[in-house]
Amino acid sequence: MAFTTAPHPETWLKVTPAGLFCEPGGFFIDPLRAVDRAVISHGHSDHARPGHAAVLATPETLAIMTARLGEGRAGATQQALRYGEVITINGVKLWLRPAGHVLGSAQIALEWQGSRVVVSGDYKRRADPSCTAFEVERCDVFITEATFALPVFRHPDAMGEIARLLRSAALFPERTHVIGCYALGKCQRLIRMLRQAGYDRPIHLHGAQQGLCAVYEELGVALGPLLPATVARKDALKGAIVLAPPSAIADRWARRLAEPVVANASGWMGVRQRARQGGVELPLVISDHADWDELLETCAATGAEEVWVTHGREDALIHALGLQGIRGRALNLIGRGEEDEEAPFILTA
Ligand SMILES: [Zn+2]
Ligand SMILES: [Zn+2]
């Protein structure tokens, strides 16, 4: 696509203190503070903040936001837009495409006067049985995340990681396997992958994981038998798989389980010090973000002449894109990634 007659996206999509702002449309994308009109890519807390007057998102993201933020705080008015449905806001065409990150996650496609931008939000290209797979949308400017934008990040096959977990569970039938995973997305993906691998026993959930599992079930993502992980009855958890927030696996809660095998599921588990730092015995490299190869492949596949990079390691990605003839630009959006479900976690044991 060419910029010859169409206005350059820089002239109509701007970085402001409140976040990315589509000027002719009069709306923000994943804004950092409460605004009049927000388009939200997905339910993670660094993208979906409370208090907007109007929120537009997929029906799944709206349901997730309402469950997490509470009725009324997830947009005084909500407008649901399904993947592929096109609307026009003040002359700006807008539609959503699956991002493959968590349930309901969307890339936001914008077109104004013949110039097209796609804002990826967070995304991955790997199979995830808990959400719709990423779809490539052609554009002039692609705005990408860069959480794992270093050549050292090459995520292994996630089902292989699940197989390692199940081998460990078979090897230590007396011990409780407790897996640190974020409550939105990672938890449900692990459950669906365990089911795919043939694990049909009840999976036990820490209290913090139960709410969003119920939301996923209501939205049609079947998770199979789930039970609360009641530490008071720890003998009942012998040999069980327990899913807990990453912050819980290092604290007293986990130590009360029967001889726990502490696992953690995150893209960061590919970094050995990270796993060791958190006392993780069984690191599972399972990421909901694109790795280095996925980032480069995706940027090229969009056909974009320019890629704007948010929250991550901009420099390496911009350099690598330059070698492919794609112009890169660091967006310097603040506040992104800081509460992300896959922000580098620091555990104080
Ligand atoms: Zn996210
Ligand atoms: Zn993010």
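Which residue in E3 is the bridge partner of Leu-20?

1. The partner of Leu-20 in E3 is Ile-29. This is a predicted model, in which local features need pLDDT of at least 70 and side-chain atom pairs count only at pLDDT 80 or more, while totals for chains, interfaces and linings use all residues. Residues are numbered from 1 along each chain as its sequence is written, chains are lettered from A and ligands numbered from 1 in the order written, and side-chain values use heavy atoms, leaving out hydrogens and water.

2. E2 (residues 19-22) also pairs with E1 (residues 13-16), antiparallel over four bridges; strands are DSSP runs of at least two residues, numbered from the N terminus, and two of them pair if DSSP finds at least two bridges between them. Leu-20 is the bridge partner of Val-15 here, and a hairpin of two residues joins E1 to E2.

3. E2 and E3 (residues 27-29) are antiparallel too, over three bridges. Four residues separate them in their hairpin, where Gly-26 in the turn has a positive phi of about 75°.

4. Now to the metal: His-42 (NE2), His-44 (ND1), His-101 (NE2) and Asp-122 (OD) coordinate the zinc ion (ligand 1) at 2.2 to 2.3 Å. Donors are N, O and S atoms within 2.8 Å of the metal (3.2 Å for Na, K and Ca); water is not among the atoms, so sites may look incomplete.

5. Asp-122 coordinates both this zinc ion (ligand 1) and the zinc ion (ligand 2), which are 3.9 Å apart. His-42 lies in the loop between E4 (37-39) and E5 (54-57) and His-101 in the loop between E8 (92-98) and E9 (106-112), so the pair ties together parts 59 residues apart in sequence.
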